[in-house]
Amino acid sequence: MSRMRRLTKNFYQQDTFKLAKSLLGKYLVRKINNKTLLGKIVEVEAYYGPDDLASHASRGKTPRTQIMFSQPGLAYIYLIYGMYYCFNIVTEAKNFPAAVLIRALEPISGLPQMYKNRYLNKKKDNFILHPSALTNGPSKLCQAFKIDKKLNGHNLITSRIIYLAENPKEKISANSGSASGGKPSQIQSAKRIGVDYAGDYKHKLWRFYLKNNPFISSK
DNA sequence: CCTGGGATTTTCT
DNA sequence: GAAAATCCCAGGA
């Protein structure tokens, strides 16, 4: 793994949809007890503005959603279905609520720890599973990377324990899957998952993923 | 391949 | 009190 470079403030100041697509191929870095977990982002969803009925912010500023109205580059993490977390990156200037949900990663390093984080206390045979099962869903990747509400509001631009990075060699366009000279991955747009209640907004093609990537959560 | 139900608790009505 | 930006497992085709 060649040198990683942390993404800085200006990266997060792009508009939400550009940022969502730019995130594909970037890396999530998580430090726990001096050890590093690393995953490549392969699937995201945008939640945009006060009118987006799929967004928590469509019901206004509340104790939970106030972070979405905050500055770009913060982590928005919430509990879902009583037992899972989802990890988002806040976008857009203050008072305009928007965020990008990270839906799937390709696990890059620290896989043994990810297995532990996902399957501790469960009677699964860890090593039968394909590695994609570690992080091919928004709450799976939170388990694997030990992301929970303690990190809500964390600043990804300055944090030493959770942040985003890029590999300068992959600057133009992300490569998916194997490293051996593949063509640049294409970005596929699709409907967002699990938002059937969102009226017209359920049809928006605001999910983005790397085409044919084996680590996405769904086609 | 697909469909349906249970887990579990915060959040907002 | 209902719903939720999910996951996992069982059962049927």
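In the predicted model, the side chain of Arg207 reaches the backbone oxygen of Ser218 at a distance of 2.9 Å. A polar atom of the Arg207 side chain also lies 3.2 Å from the backbone oxygen of Lys219. Arg207 is part of strand S9, which spans residues 207–210. With a relative accessibility of 1%, Arg207 counts as buried, because residues under 20% relative accessible area are classed in this way.

The surroundings of DNA strand B were examined next. DNA strand B is surrounded by Thr62, Pro63, Arg64, Leu79, Tyr81, Gly82, Met83 and Lys149. By residue class, this surface comprises four nonpolar, two polar and two charged residues. A backbone N or O atom of Tyr81 is placed 2.3 Å from a base oxygen of DNA strand B. For Gly82, a backbone N or O atom lies 3.2 Å from a sugar or linking oxygen of DNA strand B. An N or O atom in the side chain of Lys149, in turn, is 2.7 Å from a phosphate oxygen of DNA strand B.

The largest nonpolar core contains 45 residues, of which Leu23, Val44, Phe87, Ile102 and Ile147 touch the most other members. Strand S3, covering residues 35–48, gives the most to this core, contributing five residues. Apart from this core lies another, of 15 residues, which includes Tyr47, Met68, Tyr78 and Ala198. When residues up to four places away in sequence are not counted, Ile102 touches Leu23, Ile41, Glu43, Val44, Phe87, Ile89, Pro138 and Leu141. Two of these contact partners of Ile102, Leu23 and Val44, are also named among the core residues that touch the most other members.

A search of the whole structure finds zero disulfides. Cys86 is in no disulfide, and the cysteine sulfur nearest to that of Cys86 belongs to Cys142, 6.2 Å away. Likewise, Cys142 is in no disulfide, with the sulfur of Cys86 as the nearest cysteine sulfur, at 6.2 Å. Cys86 counts as buried, at 5% relative accessibility, and Cys142 is buried as well, with a relative accessible area of 2%.

Methods:
Residues numbered from 1 in each chain as written. Chains lettered and ligands numbered in written order. Predicted model: local features only at pLDDT ≥ 70, side-chain atom pairs only at ≥ 80, totals over all residues. Heavy atoms only, no water. Near = heavy atom within 4 Å. Polar contact = N/O pair within 3.5 Å; in protein donor to acceptor, adjacent residues only side chain to side chain. Nonpolar A, V, L, I, M, F, W, Y, C, P; charged D, E, K, R; others polar. Helix = DSSP H or I, 4+ residues; strand = E, 2+ residues; numbered from the N terminus. Buried < 20%, exposed > 50% of the residue type's maximum accessible area, 1.4 Å probe, protein only. Core = buried A, V, L, I, M, F, W, Y, C linked by side-chain atoms within 4.5 Å. Contact = heavy atoms within 4.5 Å. Disulfide = S-S within 2.5 Å.
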